[in-house]
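Let's take a walk through a protein together, one step at a time. Please have a look at the sequence and the structure before reading on.

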Amino acid sequence: FDISVVDVALCLSLQGRRNGEALIRFVNQEHRDLALKRHKHHINNRYIEVYKATGEDFINVAGGRNMDAQAFLTRGAQVIIRMRGLPYDCTAKQVIEFFEVGENPCSVMDGEEGVLFVKKPDGRATGDAFVLFAVEEDSPKALSKHRELIGTRYIELFRSTTAEVQQVLNRSMDPKTFETPLPLPLTQLSQVPLVPQHFITSGTRKDCIRLRGLPYEAQVEHILEFLGDHAKSIV
């Protein structure tokens with residue numbers, strides 16, 4: 001079936017890593033209802049749970065409050081790549097050269113303005129960055145460089161979304177993100193309540209779903225394939 005996806009927010013842990021859940025927003029409720037039919041279908045060997053969600057849930061995960069992210073995302077790129085594991089002293093010039101050399105060279109959109117480093121509230125590097133590419137054809141070329149080196153560091157590459165850029169930048173500016181949480185006493189572990197599904201999906205708009213059980217390495221492409229062969233590109 002043909003589903004039009006507006007955006008995908010891959011939910012992150014406090015450490016900024018994907019936690020196996022995603023919120024997906026569709027153009028309307030009809031497309032959302034079609035996607036619900038994918039409940040307990042599979043991505044690889046994992047069966048995926050699909051639940052109703054709301055626009056409010058989506059905004060809570062991917063709300064756009066970071067001005068750097070908003071300026072970065074208005075450049076009109078068709079492809080966003082997330083980089084992880086960068087040297088802390090890595091420069092935008094090094095990122096551009098990383099993609100321009102090798103068997104599948106591709107050009108970063110707008111040069112150094114097309115590279116956005118994720119930083120902690122005190123300005124220190126986190127080792128993450130987002131990179132813009134102008135056309136869809138650049139995506140496989142860029143991703144082919146997954147696990148190649150900058151200096152002595154293996155660089156991880158993932159297809160990303162506008163929602164993830166906002167989400168990561170919002171988290172990076174919150175000092176609590178980088179605090180080491182105190183472990184819960186063993187006697188308290190069993191007392192942490194599970195939030196009922198009807199509370200998670202309360203809200204007004206009815207054009208979103210929540211996926212659970214995703215492989216941690218799941219990419220946007222895997223989610224679109226899961227939703228149907230004709231799912232349209234994320235904007």
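Which residue with a positive phi follows α9? The residue is Gly 228, and its phi is near 145°. Keep in mind as you look around that this is a predicted model.

Let's step back into the helix itself. Helix α9 covers residues 220-227, and its buried residues are Val 220, Ile 223, Leu 224, Phe 226 and Leu 227. These residues cover an arc of only 160° around the axis, so they are on the same side of α9.

Now let's move to the inside of the protein. The largest nonpolar core is made of 20 residues, and Met 83, Phe 99, Val 131 and Phe 133 have the most contacts inside it. At least two residues of this core come from each of β5 (79-84), α4 (92-100) and β7 (125-133). Helix α4 gives the most, with five residues. There is also a second, separate core, which has 19 residues, including Leu 10, Ala 22, Ile 43 and Ala 218.

Phe 133 deserves a visit of its own. Leaving aside its neighbours within four places in sequence, Phe 133 is in contact with a list of residues that includes Ala 77, Val 79, Ile 81, Phe 99, Cys 106, Val 108 and Met 109.

Next, look at the aromatic rings. A pair of aromatic rings is described by the distance of the centres and the angle of the planes. How many aromatic pairs does the structure hold? It holds two. In one of them, the rings of Phe 98 and Phe 99 have their centres 5.0 Å apart and their planes at 85°, so this pair is edge-to-face. Phe 98 counts as buried because its relative accessibility is 5%, and Phe 99 counts as buried at 0%.

Phe 99 and Phe 133 form an edge-to-face pair too, with 5.1 Å from centre to centre and 80° between the planes. This pair links distant parts of the chain, since Phe 99 belongs to helix α4 and Phe 133 to strand β7, 34 residues apart. Both Phe 99 and Phe 133 are buried. Taken together, Phe 98, Phe 99 and Phe 133 form one aromatic cluster.

How values were computed:
Residues numbered from 1 in each chain as written. Predicted model: local features only at pLDDT ≥ 70, side-chain atom pairs only at ≥ 80, totals over all residues. Heavy atoms only, no water. Buried < 20%, exposed > 50% of the residue type's maximum accessible area, 1.4 Å probe, protein only. Helix = DSSP H or I, 4+ residues; strand = E, 2+ residues; numbered from the N terminus. Arc of directions from axis to C-beta. Core = buried A, V, L, I, M, F, W, Y, C linked by side-chain atoms within 4.5 Å. Contact = heavy atoms within 4.5 Å. Phe/Tyr/Trp six-rings, centres within 6.5 Å; stacked < 30°, edge-to-face > 60°.
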